[in-house]
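Me: I would like to learn how to read the features of a structure such as this one, taking them one at a time. Could you give me the general idea first and then the case at hand?

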Amino acid sequence: YTTPPPGYQQKSRLAAGLLAFLFGSLGIHNFYLGNNTRGVVQLVVSLAGGLFTCGLSTVAVAIWGMVEAVSLLASATPKFDGNGVILRD
């Protein structure tokens, strides 16, 4: 959708980017955007994987979160939430 359906609360691109920057290793920004599967993967790999790899997987997921933060905040292309609705600036 280029415009949200009636009654749909459009998500903020800035809020998603800041959540990705601050809590990227926990996947909070993906839960906010409605990408629950990706959020669960980031959370499990970060927490449970961190126990088995002495924190290396947590660092990898933190880098993944930073890349998503930069993509959300600096991209000129439109971004969409988990329901396919465009994010507002």
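Me: Which residues does asparagine 30 touch, not counting residues up to four places away in sequence?

Reply: Contact means heavy atoms within 4.5 Å, and on that basis asparagine 30 touches Asn35, Asn36, Arg38, Gly39, Gln42 and Glu68. This is a predicted model, in which local features need pLDDT of at least 70 and side-chain atom pairs count only at pLDDT 80 or more, whereas totals for chains, interfaces and linings use all residues. Residues are numbered from 1 along each chain as its sequence is written, and side-chain values use heavy atoms, with hydrogens and water left out.

Me: Where does asparagine 30 lie, and is asparagine 30 buried or exposed?

Reply: Helices (H or I, at least four residues) and strands (E, at least two) are DSSP runs, numbered from the N terminus, and asparagine 30 lies in helix α2. Buried means under 20% relative accessible area, exposed over 50% and partly exposed in between, with a 1.4 Å probe and protein chains only; asparagine 30, at 1% relative accessibility, therefore counts as buried.

Me: What is asparagine 35 in contact with, leaving aside its neighbours within four places in sequence?

Reply: Asparagine 35, which lies in the loop between α2 and α3, is in contact with Asn30, Asp81 and Gly82. Its relative accessible area is 18%, so asparagine 35 is buried.

Me: Which residues line the largest pocket?

Reply: On a 1 Å grid over the protein atoms alone, a pocket is an open set of points where a 1.4 Å probe fits, with protein on both sides within 12 Å along at least five of seven lines, and lining residues have an atom within 4 Å of a point. Here the lining consists of His29, Asn30, Leu33, Asn35, Arg38, Glu68, Ser71, Leu72, Lys79 and Phe80, and α2 and α4 each supply at least two of its residues. The volume of this pocket is about 160 Å³, where a volume is the space filled by probe spheres set on the grid points.

Me: Which residues of helix α1 are buried?

Reply: In α1, which covers residues 13-23, the buried ones are Arg13, Ala16, Gly17 and Ala20. They fall within an arc of 100° when seen down the helix axis, so they line one face of α1; the arc is that of the directions from the helix axis to the C-beta atoms. What covers these buried residues includes α2 (28-33) and α4 (56-74), while the face turned away from the buried side carries the exposed residues Leu14 and Leu22.

Me: What is the phi of cysteine 54?

Reply: Most residues other than glycine have a negative phi. Cysteine 54 has a positive phi of about 55° although it is not a glycine. This residue is found in the loop between α3 (36-52) and α4, and cysteine 54 is exposed, with a relative accessible area of 75%.

Me: How many helices and strands does the chain have?

Reply: The secondary structure comes to 4 helices and 0 strands, and the C-alpha trace spans about 45 × 25 × 15 Å along its principal axes. Of the 89 residues in the chain, 29% are buried.
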